[in-house]
Amino acid sequence: MHSNTRTCRLSVVAAYIICFLPGIVLAQDPTIAATPPMGWNSWNHFACKVNDQVVRAAADAVASSGMKAAGYVYVNIDDCWEGKRDEQGNIRANEKFPDMKGLADYVHSQGLKLGIYSSPGPKTCAGYEGSFGHEEQDAQTYAAWGIDYLKYDYCSFKGDVPAQIAAYKKMHDALVNTGRPIVFSLCQYGMDRVWAWGPSVGGNLWRTTDDISDDYDRMSYIGFGQAGLERFAAPGHWNDPDMLEVGNGKMKPDEYRTHMSLWCLLAAPLLAGNDLSKMSAETLAILTNPEVIALDQDHAGVQGYRVAQEGPLEVWVKPLADGSKAVGLFNRGESKMPVTGYFRDVGVGESATLRDLWAHKDLGVFKDAFTAEVPTHGVVLVKMK
Ligand code: GLA
């Protein structure tokens with residue numbers, strides 16, 4: 001099963017198993033992550049203060065706030081859930097998660113899916129039990145609990161690049177062997193050009209950077225720094241510039257709109273990272289704008305790219321399945337400035353019909369170019385047809 005011979009095992013789960021490229025023998029259900037995964041993750045807001053109640057409250061909020069209707073489906077537990085292994089080596093949750101199967105049932109009863117976290121190393125980044133030497137066993141435990149998503153975080157793993165690749169593939173194959181569709185999220189901070197080999201180890205997404213924080217400089221450094229990675233993204237396999245900070249309180253609304261616009265143009269996974277049980281109407285509106293999310297979830301799955309830059313002003317384009325273009329006019333500068341998107345850069349011909357996706361407003365027909373006044377650290381996001 002681990003050879004390059006394109007051998008596919010025929011079994012009851014054959015429908016979920018496809019022969020892929022040489023080097024990848026088993027792959028999961030090809031509908032997994034056909035568009036960038038959407039959901040929530042505990043880390044950015046709760047870090048190690050996550051527990052069963054926090055996760056249930058997040059699931060309740062996703063289901064009732066309008067987020068589920070907007071497409072958010074995964075409720076992901078990050079680090080700090082792990083307890084000790086039993087005598088047989090089976091991983092157990094710690095006292096903060098008294099009944100993981102019960103929690104999964106609860107999340108599933110809301111029409112949502114549950115995600116979990118581990119490491120290919122012996123310890124996770126927060127020093128809890130990792131999966132090293134227990135990959136098959138852990139995958140089976142996750143499947144028995146009803147887990148739908150695994151973030152697999154490098155942390156204490158030691159080894160060269162081939163060892164790292166083998167470790168990620170090992171867990172991927174263990175997940176596939178469970179017969180349960182489980183999204184496989186690689187997290188090793190973009191080392192060793194992970195975007196080039198992420199698909200070959202079955203990664204549905206791979207972090208391209210070190211950790212984000214709730215800070216405009218950090219968010220924009222990461223987001224705008226994705227330029228050039230677009231050729232590595234495709235349905236089923238996404239670059240992951242890390243989870244959202246929208247609503248965590250340290251950026252201004254214009255900065256959060258930049259964060260959301262950029263992530264959607266980048267076809268990035270959208271994992272909200274705020275406390276959903278206490279979010280403002282403005283945060284919810286930023287997270288659930290259907291016209292902006294539609295860019296991220298566009299089924300053509302093309303990652304957007306930068307087409308023009310003039311000092312702090314940048315124009316990014318994402319081609320969409322219907323032939324139109326999503327265009328972000330960004331101002332990274334310290335004062336309000338006009339930003340122009342020239343149609344020759346965008347690739348829409350001489351004239352185009354425009355719609356402003358944050359203002360929810362048709363702007364009419366323009367010739368050759370469109371100029372908008374863009375607030376400091378802000379964006380004007382339009383669709384051009
Ligand atoms: C790393 C990851 C974060 C988070 C923490 C948990 O820093 O990059 O996203 O998962 O570990 O310890």
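How many disulfides does the structure hold?

Mentor: The structure holds 2 disulfides, a disulfide being a pair of cysteine sulfur atoms within 2.5 Å. This is a predicted model, in which local features need pLDDT of at least 70 and side-chain atom pairs count only at pLDDT 80 or more, while totals for chains, interfaces and linings use all residues. Residues are numbered from 1 along each chain as its sequence is written, and side-chain values use heavy atoms, with hydrogens and water left out.

Cys48 lies in the loop between helix 1 (43–46) and helix 2 (52–65), and Cys80 in the loop between strand 2 (74–76) and strand 3 (82–85), so the bond ties together parts 32 residues apart in sequence. Helices (H or I, at least four residues) and strands (E, at least two) are DSSP runs, numbered from the N terminus. Cys48 is partly exposed at 30% relative accessibility, whereas Cys80 is buried at 0%. Buried means under 20% relative accessible area, exposed over 50%, and partly exposed in between (1.4 Å probe, protein chains only).

The other disulfide pairs Cys125 with Cys155, their sulfur atoms 1.9 Å apart. The torsion about this S-S bond is about -95 degrees, so the disulfide is left-handed. Cys125 sits in the loop between strand 5 (113–118) and helix 5 (135–145), and Cys155 in the loop between strand 6 (149–153) and helix 6 (161–177), 30 residues apart. Cys125 is partly exposed at 46% relative accessibility, and Cys155 is buried at 19%.

Cys187 is in no disulfide; the nearest cysteine sulfur, that of Cys125, is 6.7 Å away. Cys187 is buried, with a relative accessible area of 1%.
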